[in-house]
Amino acid sequence: MRLSNETRYPHPVLGPLTNDYNEGQFNVSFSAIENVESGAVTLNYQILLDELSISELVESGKAAIGCIVVCRDTYYNRLHKLSLTKGILEFQAGKLINKVTIRPVIWLNEATQKLNSPAIHEEFGSEILIFQGDIIAIDEQSTLNIGKAKLAALESIFELTQSPDLEEGRIEIKLDCEKISILLAPKTFKVINLLRGQDTHRSLVMSSIYLPAVMEILDQLRSNSGDYTDRRWYLPFIAKCDAKGIVLNENTPLLECAQALLEKPISKLEDIFSGESHES
């Protein structure tokens with residue numbers, strides 16, 4: 001079953017993706033617990049469904065709540081039934097790894113049913129028939145990142161590279177490598193390497209070099225993500241984005257997201273002065 005935010009239906013569907021209901025909510029939140037030793041995954045979920053007519057259909061068994069779990073790396077694609085309020089889903093080791101998407105839905109179990117709710121938008125009229133398998137509620141897709149890729153230190157996917165042809169004081173980014181190259185002119189390269197080796201000045205390097213670099217990477221990926229999927233740095237970088245809830249599109253706030261990925265490096269600049277005061 002393939003669903004997207006652009007999918008449209010000939011009948012009213014409850015959820016944040018439509019305006020078919022004047023009131024009522026259907027929302028499912030997920031959190032993952034990973035067993036580091038075994039690789040098994042437990043998904044905890046909580047459901048908010050406060051539209052009375054659909055809630056009654058679910059409670060009577062005439063409709064069912066579920067979620068479509070997809071992991072492209074393991075070719076996992078299954079519809080799981082969910083309880084009405086909360087519960088857990090268990091996955092054996094190897095079933096889910098890296099990027100996992102989850103789409104909550106409610107569908108009709110019976111052959112034919114009449115939707116009857118005062119909350120339905122008037123444009124649908126009073127006689128609304130739905131049929132077995134029809135989706136009657138859908139929530140936004142959740143994305144989780146399972147595995148160790150998201151735990152890699154962000155700096156580990158970068159390398160500082162000396163570029164004799166680059167003007168002093170400028171930096172450039174090269175993405176078509178196994179590691180992301182930050183190109184620096186010789187004098188700048190020497191200074192940055194010196195600062196990077198000093199714990200008290202690490203925040204200065206993160207703020208002045210890595211922060212604009214990450215902004216540039218985010219900008220490139222939201223336009224040309226497919227060009228770099230086979231690079232070794234791509235998976236841990238995207239895993240970090242997923243872990244921070246960063247969605248790459250034309251509306252991505254680059255500065256805000258770069259600061260989140262680097263754990264607000266500017267806030268640590270005061271460490272430089274505190275370190276120097278201890279030395280003096």
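## Close-up views of a predicted model

View 1. Ser163 has a relative accessibility of 17%, so it counts as buried, the cut-off being under 20%. The model shown here, as in every view, is predicted. Ser163 sits in a loop. Which residues does Ser163 contact, leaving aside its neighbours within four places in sequence? They are Leu183, Leu184, Ala185 and Pro186.

**View 2. Helix H2 has a buried side.** Helix H2 covers residues 186-196. Its buried residues are Thr188, Phe189, Ile192 and Leu195. Seen down the axis of H2, these residues fall within an arc of 135 degrees, so they line one face of the helix. A general rule of helices applies here. An α-helix has 3.6 residues a turn, so residues three or four places apart point the same way.

**View 3. Helix H2 also has an exposed side.** Which exposed residues does the face of H2 turned away from its buried side carry? They are Lys187, Lys190 and Leu194. Two of these names are lysines, Lys187 and Lys190. The other is a leucine, Leu194.

**View 4. Ser55 is a buried helix residue.** Ser55 belongs to helix H1, which spans residues 52-59. Is Ser55 buried or exposed? At 12% relative accessibility, it counts as buried. Arg103 lies 48 residues from Ser55 along the chain. The C-alpha atoms of Ser55 and Arg103 are separated by 19 Å.

View 5. The chain has six helices and 13 strands. Its C-alpha atoms fill a box of roughly 75 × 45 × 40 Å along the principal axes. The radius of gyration is 24 Å, whereas a compact globule of 280 residues would have one near 19 Å. Buried residues make up 42% of the 280 residues. Among contacts with a separation of 6 or more, 65% join residues 24 or more positions apart.

View 6. The accessible surface comes to about 15800 Å². Carbon and sulfur atoms account for 48% of that surface. How many positive and negative side chains does the chain have? There are 27 positive and 39 negative ones. The centres of the two sets lie 6 Å apart.

Methods: Residues are numbered from 1 along each chain as its sequence is written. This is a predicted model: local features need pLDDT of at least 70, side-chain atom pairs count only at pLDDT 80 or more; totals for chains, interfaces and linings use all residues. Side-chain values use heavy atoms; hydrogens and water are left out. Buried means under 20% relative accessible area, exposed over 50%, partly exposed in between (1.4 Å probe, protein chains only). Helices (H or I, at least four residues) and strands (E, at least two) are DSSP runs, numbered from the N terminus. The arc is that of the directions from the helix axis to the C-beta atoms. The radius of gyration is taken over C-alpha atoms; the globule rule is 2.2 Å times the number of residues to the power 0.38. Contact means heavy atoms within 4.5 Å. Accessible areas come from the Shrake-Rupley method with a 1.4 Å probe; for residues, only the protein chains shown count as cover. Lys and Arg count as positive and Asp and Glu as negative; His and the chain ends are not counted. The place of a charge is taken as NZ of Lys, CZ of Arg, CG of Asp or CD of Glu.
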